[in-house]
Amino acid sequence: MLDIGDRKQLFIDERFFAEREGIGLQMGTPVQHLEPVLRSDRAWEEWGIGAYNTVWREADGQWRMWYDATMKTGLPMEGARRLGYAESADGLHWEKPVLGLVEFRGSRDNNIVAPLVEQQSMQGATVLRDERAAAQERYKLWTKFQPTDEERAQGIEPGLWAMHSADGLHWQYYPDQPNPPRTMCDTQNMFFWDDRLELYVGYTRVRETQHLSEAAEAEGKGSYRCVGRITSPDFRHWSAQEIVFEADEEDLQIPVPFQRDDPRPNIDFYTSCAIKYDAAQDAYFMLPAAYYHWGEDDFPATMDVQLLSSRDGISWRRQGERRAFLRQGWDGGLLSGMLFANPWFIPVGDELWLYYNGTARRHGGREDQRKARASGIFRASLRLDGFVAAEAGYGGGSFTTPLLQFAGERLALNFDGGAGGWLRVEVLDESGQAMQASEAVMGNGVCKEVSWQEPIGKLANTPVRLRFEMRDARLYALQFLR
């Protein structure tokens with residue numbers, strides 16, 4: 001029996017379908033706003049805004065962004081990438097404040113917050129506000145880090161490094177770097193505190209699959225990129241890595257117009273952008289960048305973003321029949337090359353805002369500076385909880401849940417019935433007999449309260465099933481309210 005209490009429930013899989021007829025799962029469609037909210041316009045951004053960025057909104061309403069400022073030199077040379085900082089009052093109009101923290105070309109008149117030495121290099125970062133940490137570690141970040149040549153000669157190792165800060169501006173390195181050691185880090189490494197597990201969970205690039213081995217070649221995979229998962233109780237000591245997402249047979253067999261002579265797959269997954277969605281029970285999402293490269297010199301060397309969901313952060317379901325969640329834009333525009341989703345989902349009214357990096361560049365291309373700088377950070381907006389819907393078509397459909405118990409007095413739905421769609425709910429007992437029925441629900445809203453013939457609260461904490469009958473409508477979420 002499912003105990004859903006008063007937590008929000010999402011329709012991201014078949015969990016709530018004991019029986020169904022005429023009901024399918026439909027991926028939501030975000031609006032991709034075509035004007036970038038941040039462009040490169042500083043000397044330390046001369047090669048554009050990189051792929052790995054973080055946007056966060058504080059409790060007081062301030063918007064904050066830590067972004068990937070790139071230089072022409074490029075890794076593994078010194079000083080290739082830095083972490084810039086921007087802030088906003090509305091999430092749309094951003095300023096790059098002069099912070100005076102880190103020196104660049106003899107001046108501190110800049111918005112650079114890390115790394116701390118100009119010749120060090122860090123490939124963007126994932127930034128997390130950690131409410132359970134001590135004040136001096138309230139903000140944490142994870143990043144690919146390159147020490148200076150002199151530091152490397154002294155034995156300081158590059159890799160996945162962690163930093164902490166009290167305010168998100170003044171950063172310090174944790175001791176005992178890299179953290180964890182010997183971990184592949186050439187991507188935006190994701191991490192968060194999982195209150196369900198009471199552990200930090202990290203998602204990283206898997207080193208072992210990026211080296212061509214006889215076994216991999218025999219399987220027809222060659223070297224490829226995939227997503228690993230590690231956990232830690234303290235953000236210092238980490239578990240062994242397990243692969244949780246990689247291209248499967250369906251990916252490896254996609255039809256292509258022409259084929260290079262190469263054992264590598266035609267598609268692999270570059271980043272994860274794996275996130276726990278705390279607004280709902282047992283809801284995790286991943287927005288990996290799918291990298292397409294079936295021709296010579298990795299042609300077309302483009303990326304878009306898919307949507308995956310999970311109940312535990314380990315087993316992942318591909319949504320939308322693997323179609324893009326964030327799609328490329330017009331040819332020649334800033335969204336015509338590669339797209340990378342960035343953390344986090346930010347609720348704004350009846351929407352979720354998601355920021356992502358877009359560039360006209362292709363992966364590994366040798367573009368001139370003008371094209372390399374053709375990049376920016378963009379915003380997408382999605383209906384609140386609008387990842388996936390239980391959908392009934394024009395002729396209608398129905399589904400019945402498994403046995404469950406709830407806590408609360410009222411039922412609210414995230415429901416879109418358009419002009420002529422509707423929904424009704426019945427409460428059934430363990431034997432399937434109707435105990436209570438609702439009035440018809442119509443219209444469109446993210447928190448539409450259901451009206452009942454009798455108060456529903458008297459059935460709280462009782463094993464029941466819910467039967468939904470609906471027509472030409474989408475149901476994104478349900479929640480019992482106290």
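Mentor: Strands here are DSSP runs of E with at least two residues, while helices are runs of H or I with at least four, each numbered from the N terminus. The model is predicted, so to speak of local features pLDDT of at least 70 is required, and side-chain atom pairs count only at pLDDT 80 or more, whereas totals for chains, interfaces and linings use all residues. Residues are numbered from 1 along each chain as its sequence is written, and side-chain values use heavy atoms, without hydrogens and water.

His237 lies in the loop that links strand S17 (227-232) to strand S18 (242-245). With a relative accessible area of 55%, His237 is exposed (over 50%; buried is under 20%, partly exposed in between, with a 1.4 Å probe and protein chains only). Leaving out residues up to four places away in sequence, His237 touches Thr231 and Ser232, where contact means heavy atoms within 4.5 Å. Asn179 is 58 residues from His237 along the chain, and their C-alpha atoms are separated by 8.2 Å.

For context, an open antiparallel sheet has three strands in the order S19-S22-S23, where pairing takes at least two DSSP bridges. Strands S19 (267-269) and S23 (300-305) each have a single partner, so one side of each lacks a neighbour in the sheet.
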